[in-house]
Amino acid sequence: MAKRVAIIGAGSSGLCAIKACLQEGLEPVCFERTGDIGGLWRFEEHPEEGRASIYRSVIINTSKEMMCFSDFPIPEDFPNYMHNSKIMEYFRMYAQHFHLLRHIRFRTSVCRVSKRPDFATTGQWEVVTESEGKQEAAVFDAVLVCTGHHCEAHLPLSSFPGIKTFRGRYLHSRDYKDAQDFTDKRVVVIGIGNSGSDLAVEISQTAKQVFLSTRRGAWIFNRVGGRGYPMDIIFLTRLNMVLRQLLGLSVASKFAENQLNARFDHSHYGVKPKHRVFEQHPTVNDDLPNRIISGRVLVKPNVQEFTEMSAIFEDGTREDIDTVVFATGYSFSFPFLEGCVKVVENQIPLYKFMFPPDLEKPTLAFIGFIQPLGAIMPISELQCRWATRVFKGLNMLPPQQDMEADIRQKRDAMAKQYVRSQRHTIQVDYIPYMDELACQVGVKPSLLALFLTDPKLALEVAFGPCTPYQYRLRGPGQWAGAREAILTQHQRIIKPLQTRHVEEQASSPAVPIIFKLVGAVAILAIIFAYL
């Protein structure tokens, strides 16, 4: 009889968890507390308790070729950076194609997940759920937690003296929906992350004045990179990863900072931080410099205190204020898990950010509890492919002491690279982490084998974007369409842009073939060095 797996949450991680279970011959039962799929990316007019909430205009910061599931490319006519409604359309296509909806129990909350008395030998869990006021208990062989890490708004009011006596309105960014409520208001947005910068730009279109308050500034990336290609398509390549490792973090940071300052000088615009570019999760915003240069957004330091009608900043300046928007991020917790994991300062000790190291049986895994420099969907999918094979006994976890050593190593590396912040407790680099997971599953692409057997594909894998299809070329879950998807990915990038026919002159390729071949030799040399 197939092992039963409880999946908590039907967002992007929950959907690929269902599919991974089905492909491994497991029996998934997904519990979704709301009436629909999509999780974070499903817009609702009113925020729902325990679920992340987005605003009406949200557009994702990762491009479609980098964020798609590895065996289901996003249609070529979809835009490269998708509005939340398009993301939902893609999720529905994915769920329909792989027949996932039949495995989801909607409007069903998970109240409690606890070990069975015989857990040490069976690894089984008792899952108590509630639907329409009635509770039900069931036994499962494994559990996948797919609730995401954007559930609970982090609202640090104690760090802002006077906010309780402030007569205006204050809210967290999760409660923001559109800019109409801020018409002719003087607004402070606190936080210069992706939400804070997005809201500052959008609110400035209707507000009388917007002040963007930041403690330490940020490096601002653009969605549109060189020659109009999506930034992540250019940045997330295996060649760039190798170069960064060879040059070191300091040289790579200097190069990236020079490129960012070439677009606009971060010092002149008041956003330059003290930290280096790779020491903080990037802020992606195409419009912020335009709003600053036009005076619609004024960058200010941290708020020292609030009075009844104003904000006093750390530089001593005071501004009359009507509304405060806290774009201060989220925290996560797992109230339904009884004593199995403990979250302290937004940190949870998990092997490879997935498995609690101290369980007698590895039948509990957390999916998507990472903050990647890249898209989260393909990472969640690969996590699910590994977790389901662990549940089946096809892959084994190392001894507890080895897992705990790996957790400490990752925590120390994170603390060394990133500035101290609650958002930097689950940070991962996209390609190294994907490759790490792929090694566990046995699906990491072999550049040496590809150069010997399929040079055309090898060049695209080495020099092109590290798209999720690379992890379907070989091993368990191999997809016959992976090669074609990789070789046609540039066509899908260009297609949605070509809504008007233009006669093109013949042009030389962006990277001459001789440089590709020289680079290929360099990469082969590196490969042999690590063999």
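Predicted model: local features only at pLDDT ≥ 70, side-chain atom pairs only at ≥ 80, totals over all residues.
Trainee: How many salt bridges does the structure hold?

Mentor: There are 25 salt bridges in the structure. Another one to look at joins the side chains of Arg-223 and Asp-286, at 3.1 Å from N to O. Arg-223 is in the loop between β12 (220-221) and α6 (231-235), and Asp-286 is in the loop between β13 (283-284) and α9 (288-293), so this pair ties together parts 63 residues apart in sequence.

Trainee: Are Arg-223 and Asp-286 buried or exposed?

Mentor: Arg-223 and Asp-286 are both buried.

Trainee: What does the salt bridge between Arg-472 and Glu-381 tie together?

Mentor: In that pair, the closest N and O atoms are 3.2 Å apart. Arg-472 belongs to the loop between α14 (455-463) and α15 (482-487) while Glu-381 belongs to helix α10, so the bridge ties together parts 91 residues apart in sequence. Arg-472 counts as buried at 1% relative accessibility, and Glu-381 counts as buried at 3%. Through salt bridges with shared partners, Arg-472 and Glu-381 join one network with Lys-19 and Asp-71.

Trainee: Let's turn to the nonpolar side. Which residues touch the most other members of the largest nonpolar core?

Mentor: As a general idea, in soluble globular proteins nonpolar side chains tend to be buried together. In this model, the largest nonpolar core has 111 residues, and those touching the most other members are Ile-7, Phe-91, Leu-144, Val-189, Ile-203, Phe-355 and Trp-386. Helix α10 (residues 377-392) gives the largest share of this core, 8 residues. Another core, of 26 residues, lies apart from it and includes Val-143, Leu-337, Phe-366 and Ile-426.

Trainee: What is Trp-386 in contact with, leaving aside its neighbours within four places in sequence?

Mentor: With those neighbours set aside, Trp-386 is in contact with Tyr-351, Lys-352, Met-354, Phe-355, Asn-395, Leu-397, Leu-437, Gln-440 and Val-441.

Definitions and conventions: Residues numbered from 1 in each chain as written. Heavy atoms only, no water. Core = buried A, V, L, I, M, F, W, Y, C linked by side-chain atoms within 4.5 Å. Buried < 20%, exposed > 50% of the residue type's maximum accessible area, 1.4 Å probe, protein only. Helix = DSSP H or I, 4+ residues; strand = E, 2+ residues; numbered from the N terminus. Contact = heavy atoms within 4.5 Å. Salt bridge = Lys/Arg side-chain N within 4 Å of Asp/Glu carboxyl O.
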